[in-house]
Amino acid sequence: MTYNTDFLLERRTIRKYTQEPVGDDLLNDLIKEGCRSSTTGNMQVYSIIVTRDEDRKRELSPLHFNQKMVTEAPVVLTFCADFNRFNKWCILNNASPGYDNFLSFMTAAIDALLVAQTVCIAAEARGLGICYLGTTTYMAHKIAVMLKLPMGVVPVTTITLGWPAEDPGQPDRLPPEAVIHREIYSDYSDSDIERFYSEKEGREDSCQFVRENNKSSLAQVFTDIRYKKEDNINFSKILLQVLKDQGFMNQ
Ligand SMILES: Cc1cc2nc3c(=O)[nH]c(=O)nc-3n(C[C@H](O)[C@H](O)[C@H](O)COP(=O)(O)O)c2cc1C
């Protein structure tokens, strides 16, 4: 038996797409394969909202901070943690659902992310390109309204999908030893950290980032510009409110 998993080592995020459509049959195949992902208790507590309509993509765009992939990609998929459908099935069958709590949100969010990633792998195996949009969790309150998500449903991630119109270089990754712990967690010494991050810090694109942002280290680009504490606190508050509004905080 031969395995061709080379594409996994060659993959990179694609943010520019050609005009070529992604047909319904192809999209259905990707989603069908995605739905074969492991799912908690085989409950499938997720939903996938397919956005193809140009007007709706334009409406979604500001909710993703106007990232151009949203309007340029032929398909936008919003993956939602979804206990709504399962709760309804329970109630119809004289069963009392106890899924209005944070654990159930985590369960459904994990399910949704597993499907999302399998859809991505299925797409990339066919030469399609994808880009995740982290803005989904920042703007979950507005996305929930726009997509008319009922109680029990929270958007957790979005991907844009299409045929690649760019061939970007691959970003770095930490060496595997940086993320592997054998049997028990072995905490990092300062010299481990320096060793594991040295390649990332030495890359020309990283140095350019540091220069352009007037910072003295790459880490500061993350803490002071890209993922700031004040933003994290603000978006955490918004997301916690969404979990409350969508019925996941009754514990
Ligand atoms: C949860 C998540 C959210 C992301 N959000 C964004 C995003 O909002 N915009 C974007 O351009 N890329 C986004 N990305 C893509 C990452 O920037 C990308 O995966 C990372 O830089 C590594 O690049 P690579 O996928 O090409 O290896 C996201 C990735 C993940 C997993």
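Buried residues, those under 20% relative accessible area with a 1.4 Å probe and protein chains only, make up 37% of the 251 residues in the chain. This is a predicted model, in which local features need pLDDT of at least 70, side-chain atom pairs count only at pLDDT 80 or more, and totals for chains, interfaces and linings use all residues. Residues are numbered from 1 along each chain as its sequence is written, and side-chain values use heavy atoms, with hydrogens and water left out.

Start with the whole chain, shown as a cartoon. The chain has 13 helices and four strands, taken as DSSP runs (helices H or I, at least four residues; strands E, at least two) numbered from the N terminus. Its C-alpha trace spans about 60 × 45 × 45 Å along the principal axes.

Now show the polar contacts, pairs of N or O atoms within 3.5 Å. Select T13: an N or O atom of its side chain is 2.6 Å from an oxygen atom of the ligand. At R15, a polar side-chain atom lies 2.7 Å from a ligand oxygen atom. At Y132, a backbone N or O atom lies 3.2 Å from a nitrogen atom of the ligand. Alone, the ligand exposes 620 Å², of which the protein buries 62%, by the Shrake-Rupley method with a 1.4 Å probe.

Key:
Polar contact = N/O pair within 3.5 Å; in protein donor to acceptor, adjacent residues only side chain to side chain. Buried < 20%, exposed > 50% of the residue type's maximum accessible area, 1.4 Å probe, protein only.
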